[in-house]
Amino acid sequence: MTRAGLAALLSHWRRNPLQLFTLIAGLSLATALWSGVQAVNAEARASYDAAAATLGEGQFAQVLSADGGAVAMADYVALRRAGWLVSPVFEGRLEGVRVVGLDPLTAPGGLGPVELSAGAEVGSFLGGAGQVFGTEEALAALGAVAPEKVVAPDVAPMTVLTDISVARDLLGTDAPARLLVAPDQPLGRPPLETVAPGLTLRAAQDGSDVSRLTDSFHLNLTAFGLLSFAVGLFIVHGAIGLAFEQRRLMVRTLRALGMPLSRLVWLMAAELAALALVAGGIGVALGYLIAAALLPDVAATLRGLYGASVGGALEFRPVWWLSGQAIALLGTGAASAAALYRIARMPLLAAARPRAWAMGAGGGRRLQALAGAALLALAAALLLAEGLVAAFALLAALLIGAALLLPALLDLVLRAGAQRAGGPVAGWFWADTRQQLPGLSLALMALLLAMAANVGVSTMVSSFRLTFTGFIEQRLSADLYVSATDADEGARLLAFLEPRAEAVLPVVWVDTEVAGLLAEVYGVRRDPSYPENWRLLVARGAPWAAVFAGEGTIVNEQLYRRAGLELGAPVEVGGGARLPLVGVVGDYGNPVGQVIVGEALFARLHPEATAQRFAVRGDPAALRAALIEEFGLPPAQIENQAALKAFSLQIFERTFTVTGALNVLTLAVAGFAILMSLLTLAGLRLPQLAPVWALGLRRAALGRLELVRAVLLAALTALAALPLGLALAWVLLAKVNVAAFGWRLPMYLFPADYARLGLFALVAAVLAALWPARRLARTPPAELLKVFANER
Amino acid sequence: MLLTIDDLHKSYPGAEGLVTVLDGVSLELAAGETMALTGESGSGKSTLLHLAGGLDLPDRGRILLAGTDVAGLDDRGRARLRREVVGVVFQQFNLIPSLDVGANIAFQARLAGRHDAAWCRDLAARMGLADHLGKYPEQLSGGQQQRVAIARTLAARPALVLADEPTGNLDEVTAASVLELMLELVAESGAGLLMVTHSERLAAAMGRRAHLARGRVA
């Protein structure tokens, strides 16, 4: 019996391959978008983990030089003698590769990933020429300068790991860059400031700076992945609903012939699960291709934007393969639960004639609209709540509520159109469009979400770009940036530059804690470039004058929000001093707080800090030539502002490539949803269209009207998507970003982009409606006559 | 007795409250016997047929089918009854559109676990369907579709055949030939036949007749 029942159920797909294609394609595309984004994220995160494991970043407390330079060997020896379990790390760049030297005997994490690699021998590592571990790419870039090379895929991209002696030789330095502090330290050891006063201790962090920064980018991608999956689910829901509706006759017949209901429901559930697994497999494979295409751009974006090193090649990871399959199964389960429930509850003698699957009772539509309104009200209430969970709940309530409300909204507009209709054909057109609305509403809801996601995410990314460009202008306002390798060279540079440049602004800071939060205190020299270029978010009085006079301080937005500071309230600036807060400056992409005080006060409070980086105003070409030729500064220590700005913008263009590609894919999925809805509805529409044809409307005219109908509905949906997308962008910028990262991005509007997107949506709707309209225009009269012969 | 219906009541909710369709119907049908069920539209003929076949449940009364109380069975039990004891021929044919003619004819027999390929072929030949076994229902005429539906029912060798206006959608000539075939095959198999019909001519061809009026056997 089971075999016969299953054969009958499966025969439906054989006879309706288009429906099977819709179902599998919808689910595959949804899974592909989801798993593609997840793959990119997983790959990037895996790279950070490798970096963190290699470099010990975040995992262990670290001892650093207070002046930002290297740690003197004498200090290291003094700490070891005093009982501190610290391990030196030599670090520097060679041929574009980060060279890290570790001492395997004292490093708390051992050799990190190298211990797992084949070919690692501590004896060989320590002795003689030593071994250098890294990925093939990193080792190749290092060239012949490295001694024995060992390929270790687990080492972070463009990083090599070696013994301290080898690193010292390669980098030509005698002092470690920092010291790793073992988690378990002996009791009673003397405090750091008495053993080595020039050093500071940085506590271990839950996540490294890099991962915290890149989280903002991942959040963007993950939100996009979820939205895309939601769009895909609408297609699957529609396809499953239609397949079930069209099989009502078969279900009734099977039951009438003696197939038990429970067996039938189980068979249908098993059939769907099998289809979901097939579609999930295809989706994961497609997602892999999407990720492989996007990853080089993502890697470049992250590397440039945050300095995070991400491999440009994709590895196949079972975790996201499994998660893709799981999401396909769960999505199918969610989309088919209602349909299976209806089948289970369907009375055996219920009308078996297939009808448009969503031509539900008016009560159901009203309930849907009410649920949508309730969710929008919940979203409004969540505006008052704080925290990341509340922000995401607000996002979900807003999107789902708007989608549920869309059919009711469109119905209102169409009803108004019907009331103003002039001739009989126009009257029929509006009434018929209203009748089609339930059947098309799932596809239109998918289009609404896709367009809103496009508007929202592109507004966010574009706003981010504008803000960041302004921020770069502000922070890179000088013509040249010059770095010194140590305090002595810094002092010589300052003396060299001051007579030659219009202005030299030392960049000097110390790490400290403000209100229990990690912060950097900067001392700034009195110069008009600060008040001219730095845009303050809030300020009182003459903030820069107060800062230069040592009577006030300016903090960055992150610290202002996280520490709950208020203008006028005193802020700790290190050395036991407190100054009133006179302004807040936007500081995007920086996880730590910044406190800005005048140079003179800073020097009094932190006499140990020396400037090793300088912002210089003047003729960049002449200054550069003088620095290289007269001072003998290596060109690598001179940065050109124009080049930096161009590089930053280039990074954003890459970010746009990634979001742009995802935008196009999501819109394509929504267009596909419309196409499939129209195609599947076409067959069910013949009984509605045949009488109009019989009354004198030509088939070609009917086809044209179908096209106009699709464009009209898409245009109305696009109009609804615009405010929804802007609301989505506002929530992402003003709620999610603040909750997740502590800074709020200003929102800019891009009307030309929205107009272009609306045009794309209309083109997608026309393309989707073209085929069904053409089919209708060419329907043989015999097919239409069958309607009257009661043979349908 | 193959089928015993005793004091059967059935109502449905209507726009103005409950509408009584059957109001104390009783009748009996022996194995090998044929009976026409006649009456005006809305007299409850189809409802009685559905109740007899375990497709629906009565509000009150008893239906004994091959010694089994149908009203006392749960959904699974009634499904087994429909599969193994009863065969229903619908006015709208109710063929499975995605299966070809051959698969449709064999379908119920396979569900019942009584598939006999030779008997199916024989039935198809006698119904004039031998050349159409690879076709799909939509490619057949109404008369051909109804013959497939009858063959599907008889292929499972049910003890009771219930037919709901099986020729209602067919022209007179086709209807006569289909009925003749059905009666012949039912007689051969020894099954009982209860057929709803509006046609006096068809009713006259049956062994007995029960006329329903206002929910009762007149």
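Does A:T467 count as buried, exposed or partly exposed, and how many C-beta neighbours does A:T467 have inside 10 Å? In this predicted model, A:T467 counts as partly exposed because 19 C-beta neighbours lie inside 10 Å, whereas a residue is buried if that count is 20 or more.

**A:T467 and its helix**

- The residue A:T467 lies in helix α14 of chain A, and this helix, which spans residues 424-475, also supplies 21 residues to the largest nonpolar core, the largest share of that core.
- Although A:T467 and A:M747 are 280 residues apart in sequence, their C-alpha atoms are 8.8 Å apart in space.

**Nonpolar cores**

- The largest nonpolar core has 174 residues, and those with the most contacts inside it are A:L447, A:L448, A:M451 and A:A452 from chain A, together with B:A151 from chain B.
- Leaving aside residues up to four places away in sequence, B:A151 touches B:I105, B:L123, B:A124, B:M127 and B:L129.

**Where chain A meets chain B**

- The contact between the chains brings 19 residues of chain A together with 22 residues of chain B.
- On the side of chain A that touches chain B, two or more residues are given by each of the elements α1 (2-15) and α9 (248-256) of chain A, and α1(A) gives the most, with 6 residues.
- By residue class, this side of chain A divides into 12 nonpolar, 4 polar and 3 charged residues.

**Chain B and its helix pair**

- Chain B has 7 helices and 10 strands, and buried residues make up 47% of its 218 residues.
- Of the contacts in chain B between residues at least 6 apart in sequence, 71% join residues that are at least 24 apart.
- Helix α3 (residues 101-112) and helix α5 (residues 142-155) of chain B have axes that come within 6 Å and cross at roughly 35°, and the crossing of α3(B) and α5(B) is right-handed.
- Where these helices meet, the residues from α3(B) include B:N104, B:I105 and B:Q108, while those from α5(B) include B:V148, B:A151 and B:R152.
- The residues of the contact of α3(B) with α5(B) divide into 8 nonpolar, 3 polar and 1 charged.

Conventions: Residues numbered from 1 in each chain as written. Chains lettered and ligands numbered in written order. Predicted model: local features only at pLDDT ≥ 70, side-chain atom pairs only at ≥ 80, totals over all residues. Core = buried A, V, L, I, M, F, W, Y, C linked by C-beta atoms within 7 Å. Buried ≥ 20, exposed ≤ 12 C-beta atoms within 10 Å, placed from the backbone. Helix = DSSP H or I, 4+ residues; strand = E, 2+ residues; numbered from the N terminus. Contact = placed C-beta atoms within 7 Å. Nonpolar A, V, L, I, M, F, W, Y, C, P; charged D, E, K, R; others polar. Axes fitted to C-alpha atoms, helices over the stretch in contact; angles between N-to-C directions. Left-handed = near helix turned anticlockwise from the far one by under 90°.
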